[in-house]
Every structure is written in structure tokens, then in C-alpha cells.
Amino acid sequence: MYLKRLELAGFKSFAQKTTFDFPAGIAAVVGPNGSGKSNIIDAVRWLLGERESKSMRSLKADDLIFAGNEKKSRMSLAQATMVFDNRNKFFPVDYAEVSIRRRLERDGTSQYFLNDAEVRLKDIIDFFAKSRLGTRGFSIVNQGDSDLFVRSSPKERRAMLEEILGLRQFQLKKHDADLKLKATKINMEKARALIEEITPHLRILRRQTARWEKHDDLLKELRELETDYFSARLKELEEEQIRIEPTFQHLAERMEAKKKELVGREAELKLVNEKKPKAGKTDEARDREARELHERRSVIERELGKLEAKAEIMKEESSSGFEGAELVKFLEEVRETIEDVLYEANLVKVKNLLKTLFEKINHFLEGDSSEAKGDVVEDGELDSDRERLTRELSEIAKKIATIADTEREERESLKGFSDVFKKTFEAVEAKRSEIAAIETERNRLSLDRERIRMRREELDGQAKEGGRRLDEFSPSSPKGDFDAPTTLRHIFKLRGELAGMGDVDAALVKEAEETEARFRFLSTQIADLEKAFIDLTKLTDDLDRKIHDDFAHAMKEINAEFQKYFRMMFGGGQAKLTLEKMRQVTPNSFATGRASDMEAGETSEGVVASEQEPFQAGIEIGVTIPAKRVQSLDMLSGGEKTLVSIAVLFALISVSPPPFLVLDEIDAALDEANTRRFGTLIRDFAKKTQFVVVTHNRATMEAADIVYGITMGEDGASKVLSLKLE
């Protein structure tokens, strides 16, 4: 990983967008004083999360934006972007290139972007802390801070070392844990105070609500019994409903089907009725005609009989001497007289009639026979009447036969119609009977449905008696041995007991419940807070041990390298970094505070800690310069302080090389020989660490791979000229 590119726009003296491409080795920034070289260093520090304006040589945040002048207007915002090559996954993100961008507007709005995704400042600080980069260590050395390590306090020196050793991320976690630990402790104290406050009142409420404890138990038992009872009864009704409804629906479907069939049968019956045979005459007219023909035939037969009798009489007359016509006439008169006698009720009249009849017979017998014989009808006239009557009788017989044939045909046709009509009518009646049977069954099922509805209403009434609603229960099978009458009696008994207890003071019960719930909540919160307190304490202890163990282990290597580079810079002497006065702390001594004094940097099964704060001991510097007795670092010259700081710097990057270092005129206080040593050192270390160096020394420039020249234009903006050295 290395810094590929730095882009500035509106930042301090860089008004226009300016891009610096850095190689993996050494980049030198040169230029006259006041041209804006150090603004590049300030931009890097700003991007790493610096929040103090003083550290970036400004009084307020607004000073970071190009202010403008008579020849160039001021900018509305300042923006800086660092682009890193991350192909080796040095940064814990899945990107081959990582960009960090920070923007500041004149209204004070400040934004941070990680690969164009907006993030918080805390996220940026944590991101760089995991990568051994930050604003508190040796990653960036500002102008005039070449002896920073020497003149810093022991605590600040330790912070510098921890940052470049990658321990700052654990310090940040420990800091967050400490804040949470303090907040947890405060919350525990508040929760305990609240519990102490509500406990007396809760005792009073518990005593007042004790008499209703059984009420709640009885009510709970009642509710359970009601649930069992009504759920079981609803289940019974539901099963009956399930049993009835399909049959009812099936009957309804059958009813519809049968009605359709009945309509079809009635249509067939109508068609059959329309095909009923039609008679030419009515039965009454035909009977009257037949009767008239039979009467006429009887008359003709009588007339024929008379003719036959007349013929016989004429034959006898011819032998007896009487004329047939007279005899017949006489006989008719005798018959009429006898008929009158038969129907006469008056005896006198009967005698008169008999007397008249007697006189007629005597007169007939005493009359002249020759006179009667004069009127004999000829035989030809009698035969003519007989033929006429015979023909008429034959015609009547034919008519009677025709009527008989017509009646027979009509009877046969009517018999066929009657059979078809009867069959069709019987089919219609059969369908009507089937529909009537289905209707009867539906009516029976309707009664069953009505009974179910009435039983449900009865159940609803029973539920309302207990202040419940039937829709509160869902049908379910009873559990275990369930007896509905016994359960119902038990329900009524419990309702009576509850009614005898009287009404519960709802407000008091509610207050007791709320207070009890608050007590339980606070108790739970205290338990959670205590657990969190223990976990956070363990976390801080673990982080302290982690920081101390890693720091103590690195201190040995750092001291070895510090001794090496110190002797190189001063041509001999001794140098050592030590911890402030320490005491030994065993794993169990955090609670008791027991400890024993230790040498700085020593390690044991225990851990070391500062007297003021565990595991936060500062760094002391002990040096011995050849041919010079130094009792205090304040006795060192400016150049000597710079050499000590440079020796510490290279000792640190030997043990834990950072991705890059930004050094602003760190070689300003060095003589030519030490400058060349410095140039040689950064050339050697450039194989592992990238350097961006602001310098005025040629020896340092000669070590660079690329040189950026910075000048100040007439418009007050910095200009850039680059030179790549082979």
C-alpha cells in the first residue's frame, strides 16, 4: 500500500484543483518560503482527521478555505482527497484503490467520504488507527516539530509510539469502553436509587392488594374453565353445523335439479295433452243421433210388421169375406177405446166407453160385407211400401254401423292417448313427490339449524352473564375428562365467589401492577447493567493487557534500534527509552490495588501500570552523548534534539514501518554531514515506507524519486512544477 495521489481544491493557497502523483519511494517538495509547501502537509493531516485548527497553522476552520485577494476571488469550499493503492489489501476494504475525501464549506458544513460514501469523522479516525496512521504520532511531522519527540511530555511520547505501533485502535476501543463503563456505573446508581425510592410504596401496595390475590387466582381459574367450556360447546355446534351444512347444500342442489326435471316433465305432459284426439261430434250429439236412428228403425220395423200383418189379413179376407182395411181400421178403433178405458179412472165414463165399443163391434158384425169388399187395396201398393221401408231400414242400419265404427275408433285412439297421458302424468307426480320429500328433509335440517342457532344464542347469554363475549372463544376439543354440566356448575360457583369478594379497586391494582412492573424492570436493568459493567471491566482489562504486552514487547526492539541509530547520529553514546516509575500489578490486583515497583519496560506474569493510571505509563528518554555529560534533555541543543527525534523515528519505523511518512523540513536543523546521513537513511527505508518530504537541503533532494516545486503566483495561489528523477 502507498499514497498514489493527493488532490487539493480551494485548500489554503491551492485555489485551483492541484494533483500530486507520488511514487512508492521518496517524493520531495521544494520551494521558497511562503510558497505553500507546508500546506500540502496540512492537507494530509486534515485528511487523517485533525480537528485542531492550531495544528494546521490556522485560527479557525474557515482559514482552511482559499481567502482570495484583489486578483483572485475567494473560494466557497475547501476539498482534499488522498488516493491509496490497496492492491495488497492493507486497508480492510475490498477495493484495489481507496480514496479519502474531506470537504469544508464556509457555512461550517464538514463532510467526509470513503470511496465516495459519506462517513463520520470517527469512522475516518478508526479506519486510519487500524492502519497505524493518525495525527498524534510520527506519521506526520510538521514544520518546526523536528524535535517533537524530545520536547513532548511522557504521555504524548507514549501516544506517538502506540499510534505508529498500531495500538491506537485498542486505545480508542478502551476509551469507548471507559466511557460506557462510566455511563453504566451512573445508570446503575440511578436505577438503585429509583428502586430504593419505590420499594416502600411497593410494600404498601402489596399489602393493600393481598386480599385480591385470591381474586386473581379465582378469576384465572374461571377464565380457564370458561374457555374450556365455551370452546368445547362451540366445537360441538361447529361439528353439528359441519354435519348439517353439506347435507343441506346437497339437498338444495338436488331440489334445483328435481325442479328442472319437473319443468321438463310438465312440458312433456303439455305436449301430450296437446296431442289429445279430437272428436267430430260430441258424445251427446252422437248418442242423440244413434238414439233417433234406433227409434226410427223401431218405427220402421213396426210399420213393416203392420204391413206384414196387413198382408196376412188381406190373405185371410180373401178367404173370410172381410176387407182388410176395414178390419184394421176397426181394430185400431177398438184398441184406442180399450186404451182409453185402461187410463180412465171414472167408472161411469168407463161404462160409457165399453158401451160405445160394444155398439161398434155389433155394427161391424151386422154391416154389409159386399160394401167393405169394394175398397180392397191392391197388392202392388202394399209391396211398394214394404220396399220403401226396407230401403230406409237398410240406410238406418248403415248409419248405425258407421256411428259404431266411429265410436270404436275414437275409443281405441283415446285408450292410446290415455296410456301415454297416464304415464307422463305419473312421471310428473313422481317428480313432485320427490321434490316434496326433499323439501320435507330440508325443513327438518332447517329446524336443526335453527336449534343450533338457538343453542348458540343460549351460549352467548351464558357468556354475557360472566362479562364475556362468545366471539372471544374459538372452537376446540376439550382437554382430558370434560363434563359440560359439571364444568358449568363450577363456573357458576366461581362467579358467585368472585361476586362475594366485591369489586376490585382498578386504580389501586393498576398502580400496584405498574409499580411492580417498574420494580421488575429496574431490577432487570440493574442485573443487565451489572453484567455489562463486568463485561466492560473485563474488556478494559483485556485491552490494557493487550496494549501493555504489545507495547512492552515492542519496547525492547525499539530500544535496540534506538541505540543503533543514536550511535549512528552521534558517533557513539548510549540511548534508552524507559517507562515512568511503575508498579507490578497481578491479575487480581486491579480490585485490591496491590502492586510492587518494577523497572521500566520489564515484563512478568503480571502487567505494569502507571501509578496514576494502569497501563498508561509515559516514556522517558535517557541519553549519553560522547564527550558530553547530559543531565537533562533541556541541556541539548536544537540540532541534538532533532537527531534524537530522528533516531527515535527510524527506530520506530524499523520495528513497525508505517505505510508512509510526511516530514516537513525535519532536516532543517541538521548540518551537512547529518543531512547526508538522513538522506541515506530515508533512501534505505524507502524500500518499506513511502516518504513525502518538504526540504531545502540538496542531499535530501538527491535522495528523492520525484521533486515537486512550489511557487507563489501573483494571484496569491500556489503553482506546482514537477520533476521526476531517474
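These questions and answers concern assignments made in a predicted model.

Me: Why is K12 called buried?
Reply: Buried means under 20% relative accessible area. K12 has a relative accessible area of 11%, so K12 is called buried.

Me: What makes the phi of K12 worth a remark?
Reply: Most residues other than glycine have a negative phi. Phi of K12 is near 50°, a positive value. K12 sits in the loop between β1 (2-9) and β2 (18-21).

Me: Where is E665, and why does E665 count as buried?
Reply: E665 is in the loop between β14 (660-664) and α16 (672-685). Its relative accessibility is 10%, and the cut-off for buried is under 20%, so E665 counts as buried. Phi of E665 is also positive, near 50°.

Me: What makes the contact of R453 with E450 a salt bridge?
Reply: The closest N and O atoms of R453 and E450 are 2.2 Å apart. The definition asks for a side-chain nitrogen of Lys or Arg within 4 Å of a carboxyl oxygen of Asp or Glu, so the pair qualifies. R453 and E450 are separated by about one helical turn because they are three residues apart in helix α11 (residues 379-465).

Key:
Residues are numbered from 1 along each chain as its sequence is written. This is a predicted model: local features need pLDDT of at least 70, side-chain atom pairs count only at pLDDT 80 or more; totals for chains, interfaces and linings use all residues. Side-chain values use heavy atoms; hydrogens and water are left out. Helices (H or I, at least four residues) and strands (E, at least two) are DSSP runs, numbered from the N terminus. Buried means under 20% relative accessible area, exposed over 50%, partly exposed in between (1.4 Å probe, protein chains only).
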